[in-house]
Amino acid sequence: MTTLSKKGKLTADQKSLARAKQWDKFKRELPLYAMIMPAFILVAIFSYGSMVFTVIAFQRFVPTGGIFGSEFIGFQNFTTLFNMPTFWPMIRNTIIIAFSKMVGLVIVPVTFALLLNEVKSTFAKRGVQTLVYLPHFISWIILAGIFRDILSPSTGIVNLMITGLGFDPIFFLGDQTWFPITMIVTDIWKGFGFGSVIYLAGLTGIDPALYEAAVIDGANRWKQTLHVTLPGITSLIVLLSVLSMSNILNGGFDQIVNLYAPVVFATGDILDTFIFRLGIENAQFALATTAGLFRSGISLIFVVVSYYLADRFAGYRIY
């Protein structure tokens with residue numbers, strides 16, 4: 001413990017010793033700083049540096065003039081964006097698809113984790129868990145090609161089974177009713193394995209003595225699940241559900257952009273794909289930036305609300 005001089009201040013020797021210790025600590029941690037530096041640079045450039053260009057949302061942007069040579073028009077781009085006939089239906093699609101995915105990615109992983117937890121064979125449990133976990137690592141570019149073949153109305157295996165049962169084939173990726181349902185189901189299929197790992201980890205933290213007490217009281221497996229297992233992971237379910245609120249405007253760009261077509265824009269177009277078409281395909285950079293800024297603002301509100309609710313109902317807090 002560092003001693004103080006009579007006046008309560010560090011002496012010159014003590015200050016020198018403290019600086020030497022800080023320098024030694026910095027040298028020991030230098031490899032860690034070096035490891036994090038590439039990620040820090042990427043975040044600084046693409047997440048914070050790019051924020052400078054949000055000024056485009058308030059300009060009549062001309063690429064040849066840049067952000068300094070374009071006319072400032074205030075909130076006119078927002079007015080134009082909000083008055084577009086496709087904007088609010090697209091917001092509706094985004095919320096419906098994103099919210100359905102959020103609900104599904106809570107219910108399905110929890111159910112699967114509860115079922116898998118009842119399997120006694122460790123080998124079988126690990127094998128099944130690995131199989132359902134693998135799709136999480138497969139790119140949507142690859143999965144899009146697979147699903148196009150599987151769901152083809154003429155040669156797809158799903159429609160071959162449907163027609164074999166005497167029903168008409170379904171154009172899953174070309175029908176406005178079926179397309180959002182297909183997006184929701186396929187995304188849940190891809191992601192529920194990853195989510196179940198988190199809930200399985202939560203199940204391991206439940207005190208076995210609670211199950212022993214439930215057995216003594218005469219509870220069967222269903223009642224043990226209802227009164228011991230589910231309450232044991234309720235806080236985890238609430239926490240992950242609340243935190244997922246921040247993704248309410250994230251309908252899954254990489255999935256939908258690889259599977260949709262103009263024929264399903266009415267029910268399948270989401271905010272991310274709308275921004276992509278405005279900015280990349282139609283070169284309307286000002287409107288695309290405006291839509292992106294609108295998305296970021298709403299998402300920020302949901303992030304703040306979600307962390308407040310997580311603290312309020314699950315005791316989760318970032319210090």
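Overall numbers come before single residues in these entries.

**Ground rules.** I am working from a predicted model, where local features need pLDDT of at least 70, side-chain atom pairs count only at pLDDT 80 or more, and totals for chains, interfaces and linings use all residues. Residues are numbered from 1 along each chain as its sequence is written, and side-chain values use heavy atoms, with hydrogens and water left out.

**Whole protein.** I started with the secondary structure and found 13 helices and two strands. Helices (H or I, at least four residues) and strands (E, at least two) are DSSP runs here, numbered from the N terminus.

Next I checked the dimensions. The C-alpha trace spans about 95 × 75 × 35 Å along its principal axes. The radius of gyration is 27 Å, while a compact globule of 319 residues would have one near 20 Å. That radius is taken over C-alpha atoms, and the globule rule is 2.2 Å times the number of residues to the power 0.38.

The protein exposes about 19,900 Å², with carbon and sulfur atoms supplying 69% of it. Those areas come from the Shrake-Rupley method with a 1.4 Å probe, and for residues only the protein chains shown count as cover. Buried residues are 33% of the 319; buried means under 20% relative accessible area, exposed over 50%, and partly exposed in between (1.4 Å probe, protein chains only).

For contacts (heavy atoms within 4.5 Å), I took pairs at least 6 apart in sequence, and 62% of them join residues at least 24 apart.

**Gly104.** I found this glycine in helix H3, residues 87–117. Gly104 counts as buried because its relative accessibility is 10%. Beyond four places in sequence, Gly104 is in contact with Pro109 and Ile188.

**Pro169.** This proline is in the loop between helix H6 (157–164) and helix H7 (178–203). Pro169 is at 43% relative accessibility, so it counts as partly exposed. Pro169 touches Pro153, Asn159 and Thr163, leaving out residues up to four places away. Against Ile275, 106 residues along the chain, I get a C-alpha separation of 33 Å.

**Both ends of H8.** Helix H8 covers residues 208–216, and at its start a side-chain oxygen of Asp207 comes to within 3.1 Å of the backbone nitrogen of Ala209. After H8 comes Gly218, with a positive phi near 90 degrees.

**Thr267.** Which residues does Thr267 contact, leaving aside neighbours within four places in sequence? I get Asn93, Ile97, Gln176 and Pro180. Thr267 is in helix H11 (residues 265–268). Its side chain reaches the backbone oxygen of Gln176 at 2.6 Å. I file that as a polar contact, meaning a pair of N or O atoms within 3.5 Å; within protein, one must be able to donate a hydrogen and the other to accept it, and residues adjacent in sequence count only if both atoms are side-chain atoms. Thr177 is 90 residues from Thr267 in sequence, yet 7.3 Å away C-alpha to C-alpha. Thr267 is partly exposed because its relative accessible area is 22%.

**Thr273.** I moved on to helix H12 (residues 271–281), where Thr273 is found. Is Thr273 buried or exposed? Thr273 has 0% relative accessibility, so it counts as buried. Outside four places in sequence, Thr273 touches Phe253, Ile256, Val257 and Tyr260.

**Ala283.** The loop between H12 and H13 holds Ala283. I noted its phi near 55 degrees, which is positive in a residue other than glycine. At 44% relative accessibility, Ala283 is partly exposed.

I finished in helix H13. Thr290 is found in H13 and is buried, with a relative accessible area of 0%. Setting aside residues up to four places away, Thr290 touches Ala57, Asn77, Phe78 and Leu81.

Ser299 also lies in H13, which runs over residues 285–314. Ser299 is buried too, at 13% relative accessible area. Ser246 is 53 residues from Ser299 in sequence and 5.8 Å from it in space, C-alpha to C-alpha.
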